Amino acid sequence: MTPIVKAILDKYESDNPGVKANLARILMQGKLGGTGKLIILPVDQGFEHGPARSFSVNPAAYDPHYHYQLAIDAGLSAYAAPLGMLEAGAATFAGQIPTILKVNSSNSWATGANQAVTAGVEDAVRLGCSAIGFTIYPGSDDLFDMIGQIRELSAEAKSVGIATVIWSYPRGGALPKSGELALDVGAYAAHMAALLGAHIIKVKLPSDHIEQKEAKPMYEGTDWSKQSDRVRHVVQSSFAGRRIVVFSGGAAKGADAVYQDARDIRDGGGNGSIIGRNTFQRERGEALAMLEKLVRIYKGEE
């Protein structure tokens, strides 16, 4: 274990050796192992967007084995997916890469900002997962039910030595669409995930917009035009960097934008990327080349 990883683990003061071992498994895996930086492949978009919207652009990606192998061959830190995706390759790829079981999911027809619990901690144990993943929607009227669900799931996971990753995506309730990516809202969402006991926090890269009227005076007088500064503020809001924070890749975009996002995450003190559509929707060779370049960026080589 590197001094960098040990220093990160030391910040999780209440956790048992099992949780720390699973965090170390993720932090020491792959080409970024030991650096404190992470690249995680999430493939949960099928629930949210449907199979055609997720995989038809790269038909090989309909096969769950494709994603396991992509994450392994690219030297990534972990692979995150819902229950069925992980089950479909669990035996073939056992022990080859840390896995994160996404235990709740939504779909594109729902009118409310909520998710159903689709798996449990016992599934994560059975499949040898290092962590569970759970989405919350700060702002949603259903958030309070989701908080109760993750409280129970996280407590159970911690009791058996499994880490918790929280996807914290503001939406719903009184929050307008224009405010979902606001800097103050994103920082609030990250802080909420930390307060709920997340070991790893997943949020979206924020814009320079400030949404909350009450928060605007706190942000005035500072230039928030640089994305790296906005990343730094989100990390600051996650217990002053005492929690691992990774940023989602978002919708498919050009390669240069993906690389610039990674540089800004790195320069702002974020721990890395959890990037799905921008890799698995590309041809395999192109995806591997992109992930290799992202590794070099997080190592400070580009």
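## Second largest pocket

Ala, Val, Leu, Ile, Met, Phe, Trp, Tyr, Cys and Pro are counted as nonpolar, Asp, Glu, Lys and Arg as charged, and the others, Gly among them, as polar. On that basis, the lining of the second largest pocket consists of 10 nonpolar residues, three polar ones and one charged one. The structure is a predicted model.

The space in this second largest pocket amounts to about 290 Å³. Its lining is made up of 14 residues, and those nearest the centre are Pro138, Gly139, Leu175, Tyr188 and Gln212. Helix H8 (143–159) and helix H9 (183–195) each provide at least two residues of this lining. H9 has the largest share, with four residues.

## Largest pocket

The largest pocket holds about 920 Å³ of space. A total of 43 residues line the largest pocket, and His49, Tyr169, Arg171, Lys204 and Arg277 are the closest to its centre. Two or more lining residues come from each of helix H3 (45–49) and strand S4 (104–105). Helix H3 contributes the most to this lining, with four residues.

By class, the lining of the largest pocket comprises 13 nonpolar, 18 polar and 12 charged residues. For the second largest pocket, the corresponding figures are 10 nonpolar, three polar and one charged.

In soluble globular proteins, nonpolar side chains tend to be buried together. In this model, the largest nonpolar core contains 93 residues, and Ile39, Tyr79 and Leu294 have the most contacts inside it. Helix H14 (residues 284–298) supplies the largest share of this core, seven residues.

Tyr79 can be followed in detail. With neighbours within four places in sequence set aside, the contacts of Tyr79 are Leu41, Val43, Pro64, His67, Tyr68, Ala71, Met85, Leu86, Ile97, Pro98, Thr99 and Ile100.

## Salt bridges

Side chains of opposite charge can pair when their charged atoms come close. There are 13 salt bridges in the structure. In one of them, the side chain of Lys31 meets that of Glu292 at 2.6 Å, N to O. This pair joins distant parts of the chain, 261 residues apart: Lys31 lies in the loop between helix H2 (17–27) and strand S1 (38–42), whereas Glu292 belongs to helix H14. Lys31 is partly exposed, at a relative accessible area of 35%, and Glu292 is also partly exposed, at 28%.

Another salt bridge connects the side chains of Arg126 and Asp123 at 2.9 Å, N to O. Arg126 and Asp123 are about one helical turn apart, because they are three residues apart in helix H7 (residues 121–126). Arg126 is partly exposed, with a relative accessible area of 48%. Asp123 has a relative accessibility of 13% and so counts as buried, the cut-off being under 20%. Glu87 joins Asp123 and Arg126 in a network of salt bridges.

The side chains of Lys177 and Glu180 also form a salt bridge, at 3.4 Å, N to O. Here Lys177 is exposed, with a relative accessible area of 68%, while Glu180 counts as buried at 16% relative accessibility.

Note on methods
Residues numbered from 1 in each chain as written. Predicted model: local features only at pLDDT ≥ 70, side-chain atom pairs only at ≥ 80, totals over all residues. Heavy atoms only, no water. 1 Å grid on protein atoms, 1.4 Å probe; cavity = no way out; pocket = protein on both sides within 12 Å on 5 of 7 lines; lining within 4 Å. Points joined across faces, edges and corners; volume = space filled by probe spheres on them. Core = buried A, V, L, I, M, F, W, Y, C linked by side-chain atoms within 4.5 Å. Buried < 20%, exposed > 50% of the residue type's maximum accessible area, 1.4 Å probe, protein only. Contact = heavy atoms within 4.5 Å. Salt bridge = Lys/Arg side-chain N within 4 Å of Asp/Glu carboxyl O.
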